[in-house]
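Subject: Structure handover

Hi,

Here is the structure I promised to pass on. My notes on it follow below.

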Amino acid sequence: MAKTLTLNSPPPPDGEAPPRRSLVRYQFTVLLLTFLSYAAFHASRKPPSIVKSVLSAHPPFDGPSGPHRLGELDLAFLSVYSISMFFSGQMADRTDLRKFLSLGMLLSGASTAAFGLGYWFDIRHLSFYVLIQVFSGVVQSVGWPCVVAIVGNWFGKSPQKGAIMGIWNSHTSAGNIIGSVLASSILEFGWGWSFLLPALLITIMGFFVWILLVVHPSDVGFDTPATEIEMDDEENIAGAENLNTNRANGDGEEATLLGIDGVKAEFDSGSGSNSTLAQTEAIGFLDAWRLPGVAPFACCLFFSKLVAYTFLYWLPFYIRHNGVSGQQLSHKAAGILSTIFDIGGVFGGISAGLISDRLSGRAITSILFLFLSIPSLIIYRAYGDISMKHNIVLMFLSGYFVNGPYSLITTAVASDLGTQESIKGNARALATVTAIIDGTGSVGAALGPLLTGYISTRGWNSVFLMLILSISFAILFLIKIAKAEIISKMGEARLTVHV
């Protein structure tokens, strides 16, 4: 009969809080700080999309070529962001994550505020705005590999990782909503102010991260979160108990991110408690690309993020120029209304995480959401302008299905792939794998808004066709993995029946 055994961190010295309560408190603090940090990153990216319709009347973005230049501005940021992401992931695996993340936030605040200077100094040279966007792309790329690696350090292979990451990853949509509200609410005073408030927000958060963030459980005396495992024989139980004893004596090494599979693999191989439980060398870039599942999910995210970022950068512009119920909305109203897409994204990300945990199938869940996003986009384009009610409901559904797989892949999937058994739970591989997946997705994110700037001049039906084709390609890259997940599930079901 299987027995349950708990592997705990060493007991704390007398007078300290119980380990479990302290651990939960630290985990909550880390989740909150990283959530607010990346929400601030996204809030600081939102102003360009909110002020697009205003910039279209401001040189050098006015005239017939205005939409093209606005698209090129998005390209300048997103292309540099995607390239820098690969280097940021490598650096994050080799440096102090707290300092690196804080520096990225402070510099992001400076670059966001610098863009707004174009309003006060009436700067009309395209090169100024392009250079600001290039610098922003570099410093903004610091955020994602850092926050995912930090959360991975604290939660490892939690069986509820999909749900935890789904809720946590709502920071993306929360940041978009905060940025939209801040930028829209003050737009009437001049578009430069729309950049100043988000810049102030991320700067303040950068100081909080510098002061309060704890990067790794070992920094405050924890080896790893307590892990419950089931073992079927007394020999393995004895081996696990020896592991607990060695940890208490300070002889064991940390097993962060190993989880159940890593501990089982250790005992199955006969290595016992004397083996190394966590590698400390950072994984190479090409080696990370070769890890199972990394390339297919990265390519899927390329097209999924292309769609998501097209809405991120062009939705307020689309709403403003297409109107609702035959009426053209103000810049402020269009910006605030666009947050419905992000609200739908919050629920979509959480739902995708919960469903993937329930099914134990990340690819299956991603394909399901991607498939359903196609009719939601078609219906939104066809009927979204009939009335405000139609627009809100259909925009919510579009955000729900579009952002669901995007959220799942960039968090739970990236974390799973960065801590899989083939690299024996190498915690320092997580930031690199995360950077590869999100960096590849960011290449698509750069391409989508650029193409929209050109294609939109021929009509928005062409833009939506591009989005639907992109979703179709995203599905194709996951079919093989989804098939393997289904076969695995069927095998488990047959085994259960026979038992």
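Start with helix H6, residues 126-140. Its 15 residues should span 21 Å at 1.5 Å a residue, and the end C-alpha atoms are 21 Å apart, so the two agree. The expected span is 1.5 Å times one less than the number of residues. Helices here are DSSP runs (H or I, at least four residues), strands are E runs of at least two, and both are numbered from the N terminus. The buried residues of H6 are Tyr-129, Ile-132, Gln-133, Ser-136, Gly-137, Val-139 and Gln-140. Buried means under 20% relative accessible area, exposed means over 50%, and partly exposed lies in between (1.4 Å probe, protein chains only).

Some ground rules. This is a predicted model, in which local features need pLDDT of at least 70 and side-chain atom pairs count only at pLDDT 80 or more, while totals for chains, interfaces and linings use all residues. Residues are numbered from 1 along each chain as its sequence is written, and side-chain values use heavy atoms, with hydrogens and water left out.

The whole chain

The chain has 20 helices and 2 strands. Of its 499 residues, 57% are buried. The chain exposes about 20600 Å², and carbon and sulfur atoms supply 64% of that. Accessible areas come from the Shrake-Rupley method with a 1.4 Å probe; for residues, only the protein chains shown count as cover. Take the contacts with a separation of 6 or more: residues 24 or more positions apart account for 84% of them. A contact means heavy atoms within 4.5 Å.

Salt bridges

How many salt bridges does a search of the whole structure find? The count is 4. A salt bridge is a side-chain nitrogen of Lys or Arg within 4 Å of a carboxyl oxygen of Asp or Glu.

Lys-332 and Glu-188 form one of them, at 3.9 Å from N to O. This pair links distant parts of the chain, 144 residues apart. Lys-332 is in helix H15 (residues 331-337), and Glu-188 is in the loop between helix H9 (171-185) and helix H10 (193-212). Lys-332 is partly exposed at 37%, and Glu-188 is exposed at 60%.

Asp-357 pairs with Arg-362, with the closest N and O atoms 3.1 Å apart. Arg-362 is buried, at 14% relative accessibility.

Arg-124 pairs with Asp-122, and here the closest N and O atoms are 3.4 Å apart. Arg-124 is partly exposed at 47%. Asp-122 is partly exposed too, at 39%.

Ser-325 sits in the loop between helix H14 (294-322) and H15, and is partly exposed at 42%. The peptide bond from Pro-59 to Pro-60 is cis, with omega near 10 degrees. Pro-60 is in the loop between helix H3 (52-55) and helix H4 (66-92). Most residues other than glycine have a negative phi, and most peptide bonds are trans.

A nonpolar patch

Leu-117, Tyr-119, Trp-120, Phe-121, Phe-189, Trp-193 and Leu-196 form a nonpolar patch on the surface. Together they have about 700 Å² of accessible area. Helix H5 (97-120) and H10 are the elements that give two or more residues to the patch. H5 gives the largest share, 3 residues. Leu-196 lies in helix H10 and is partly exposed at 33%. Patch residues have over 30% relative accessible area and no salt bridge; like charges are joined within 9 Å, and nonpolar side chains (Val, Leu, Ile, Met, Phe, Trp, Tyr) within 5 Å.

Two residues to look at

Ile-343 is in helix H16 (residues 339-359) and is partly exposed at 29%. Leaving out residues up to four places away in sequence, Ile-343 touches Ile-177 and Phe-396. Ile-343 and Ile-177 are 166 residues apart in sequence, yet 7.6 Å apart in space, C-alpha to C-alpha.

Thr-440 is in helix H19 (residues 430-455) and is buried at 10%. A polar atom of the Thr-440 side chain lies 2.7 Å from the backbone oxygen of Ile-436. Not counting residues up to four places away in sequence, Thr-440 touches residues including Phe-86, Trp-289 and Phe-302.

Best wishes

Notes: Polar contact = N/O pair within 3.5 Å; in protein donor to acceptor, adjacent residues only side chain to side chain.
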